[in-house]
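Dear colleague,

Please find the structure below, handed over for your reading. My notes on what was found in it follow directly after.

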Amino acid sequence: MTDVRFDRREQLHQIESGLLEGEQIIAVYDAIGTGTGFLGLTNRRVIIQDKSFVGKRYAITSIPYSKITSVSVVSNKSWGGSFFSTGSIAIGVGAHSYEVEFRGSDKSHHVHNVILHFIS
């Protein structure tokens, strides 16, 4: 677990506490913006903490890679610059899309590439 990338130790510990047998953490990144707390990547699934529920409730959502249909880089400007000039990605799962924004394009690039690796 020495190669695990993470922003906040408490988020890493949350992911660690729910691991399945043989599951390994790849990264846990803090998310910015309304609703999302963090995104975790393991060798089996994507884990998203969603803080958008009424009454200060939140959910930890596990998305197996086999259920992900797409991963996108999200930007509000044209692609005149780098492909990964933004810190946002969207993860397509059936008809639903989870959008997550990170502090820095390096994190969105890493998340995009890990997910793409497991779904292709």
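Setting aside neighbours within four places in sequence, Val-46 is in contact with Leu-39, Gly-40, Leu-41, Thr-61, Ser-62, Ile-63, Tyr-65, Ile-68, Ile-91 and Ile-115, where contact means heavy atoms within 4.5 Å. Please note that this is a predicted model, in which local features need pLDDT of at least 70 and side-chain atom pairs count only at pLDDT 80 or more, while totals for chains, interfaces and linings use all residues. Residues are numbered from 1 along each chain as its sequence is written, and side-chain values use heavy atoms, with hydrogens and water left out.

Val-46 also belongs to the largest nonpolar core, which has 19 residues. A nonpolar core is a set of buried Ala, Val, Leu, Ile, Met, Phe, Trp, Tyr and Cys residues joined through side-chain atoms within 4.5 Å. Buried means under 20% relative accessible area, exposed means over 50%, and partly exposed lies in between (1.4 Å probe, protein chains only). The members that touch the most others are Leu-39, Leu-41, Val-46, Ile-68, Ile-91, Val-111 and Ile-115. Two or more residues of this core come from each of β2, β3 (36–42), β4 (45–53), β7 (88–93), β8 and α2. Here helices (H or I, at least four residues) and strands (E, at least two) are DSSP runs, numbered from the N terminus. A second, separate core has seven residues, among them Leu-12, Val-28, Phe-38 and Ile-47.

I turn next to the charged side chains. Side chains of opposite charge can pair when their charged atoms come close. The model holds four salt bridges, each defined as a side-chain nitrogen of Lys or Arg within 4 Å of a carboxyl oxygen of Asp or Glu. One of them joins Lys-107 to Asp-7, with the closest N and O atoms 2.7 Å apart. This pair links distant parts of the chain, 100 residues apart: Lys-107 is in helix α2 (residues 105–119), and Asp-7 is in the loop between β1 (5–6) and α1 (9–17). Lys-107 is buried at 16% relative accessible area, whereas Asp-7 is partly exposed at 32%.

Which residues are linked in a network of salt bridges? They are Arg-8, Asp-30 and Arg-103. Arg-8 meets Asp-30 at 3.8 Å, N to O, and Asp-30 meets Arg-103 at 2.6 Å. Asp-30 lies in strand β2 and Arg-103 in the loop between β8 (96–102) and α2, so this pair ties together parts 73 residues apart in sequence. Asp-30 is buried, with 6% relative accessibility, while Arg-8 is partly exposed at 38% and Arg-103 is partly exposed at 47%.

Finally, there are two aromatic pairs. Rings of Phe, Tyr and Trp (its six-membered ring) pair if their centres lie within 6.5 Å; planes under 30 degrees apart count as stacked, over 60 as edge-to-face and the rest as tilted. The rings of Tyr-29 and Phe-102 are edge-to-face because their planes stand at 75 degrees, with the centres 6.1 Å apart. Tyr-29 is buried at 4% relative accessible area, and Phe-102 is buried at 3%. The rings of Tyr-65 and Phe-118 have centres 4.4 Å apart and planes at 15 degrees, so this pair is stacked. Tyr-65 is buried at 5%, whereas Phe-118 is partly exposed at 30%.

Yours sincerely
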